[in-house]
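Here are my notes on this model, point by point. Please read them with the structure open.

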Amino acid sequence: DGESAYAEIVRTCAKFNASLTFTCVEMRDIEHDAAHMCSPETLLAQVLRDCATHGVRVHGENALFRLDDDAYSQILRAYGKINTGDDDN
C-alpha cells in the first residue's frame with residue numbers, strides 16, 4: 001500500500017492529534033556499510049511522507065551525540081524536509 005512500517009504509529013498520532021518526534025536526522029546513508037541494509041535517509045523520508053499524508057507534525061532529533069560538520073549539514077537538510085515535506089532537499 002506504499003506506507004512505511006511506521007504508518008500505524010503515524011495514524012495513531014493523527015487520531016489523537018499528537019505530533020511525532022523522530023530520531024536519526026543526523027545520519028547519512030553513506031555512513032553505514034551497505035551490508036547492513038541500513039538507510040536512515042530513506043527511513044526519514046518514508047516517515048515524513050506518512051506524516052504529510054495523515055497531517056501529523058514531525059519534530060526531529062539526533063540519534064547520536066555528534067558535533068561534526070557532516071552531521072550538522074545533514075540535520076539542516078533533514079530540517080528542510082521536515083518543514084517543507086520535500087523529500088528532494
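1. The structure holds 1 aromatic pair. Tyr6 and Phe22 are edge-to-face, because their ring centres are 5.3 Å apart and their planes stand at 85°. Rings of Phe, Tyr and Trp (its six-membered ring) pair if their centres lie within 6.5 Å; planes under 30 degrees apart count as stacked, over 60 as edge-to-face and the rest as tilted. The pair links distant parts of the chain: Tyr6 sits in the segment before α1 and Phe22 in strand β1, 16 residues apart. Tyr6 is partly exposed at 30% relative accessible area. Phe22 is buried at 6%. Buried means under 20% relative accessible area, exposed over 50%, partly exposed in between (1.4 Å probe, protein chains only).

2. A caution on the source: this is a predicted model, where local features need pLDDT of at least 70 and side-chain atom pairs count only at pLDDT 80 or more, while totals for chains, interfaces and linings use all residues. Residues are numbered from 1 along each chain as its sequence is written, and side-chain values use heavy atoms, with hydrogens and water left out.

3. The chain has 3 helices and 2 strands. Along the sequence they run α-β-α-β-α. Helices (H or I, at least four residues) and strands (E, at least two) are DSSP runs, numbered from the N terminus.

4. The largest nonpolar core has 15 residues. Such a core is a set of buried Ala, Val, Leu, Ile, Met, Phe, Trp, Tyr and Cys residues joined through side-chain atoms within 4.5 Å. Leu20, Leu44, Cys51 and Val56 have the most contacts inside this core. The elements giving two or more residues are α1 (7-15), β1 (20-22), α2 (40-54) and α3 (69-84). The largest share, 4 residues, comes from α2.

5. What does Cys51 touch, its neighbours within four places in sequence aside? Val10, Leu20, Val56 and Val58 are in contact with Cys51. Contact means heavy atoms within 4.5 Å. Cys51 is buried, with a relative accessible area of 1%.

6. How many disulfides does a search of the whole structure find? The count is 0. A disulfide is a pair of cysteine sulfur atoms within 2.5 Å. The sulfur of Cys51 is 6.9 Å from that of Cys13, the closest cysteine sulfur, so the two are too far apart for a bond. Cys13 also counts as buried, at 11% relative accessibility.

7. Overall, buried residues make up 29% of the 89 in the chain. Among contacts with a separation of 6 or more, 70% join residues 24 or more positions apart.
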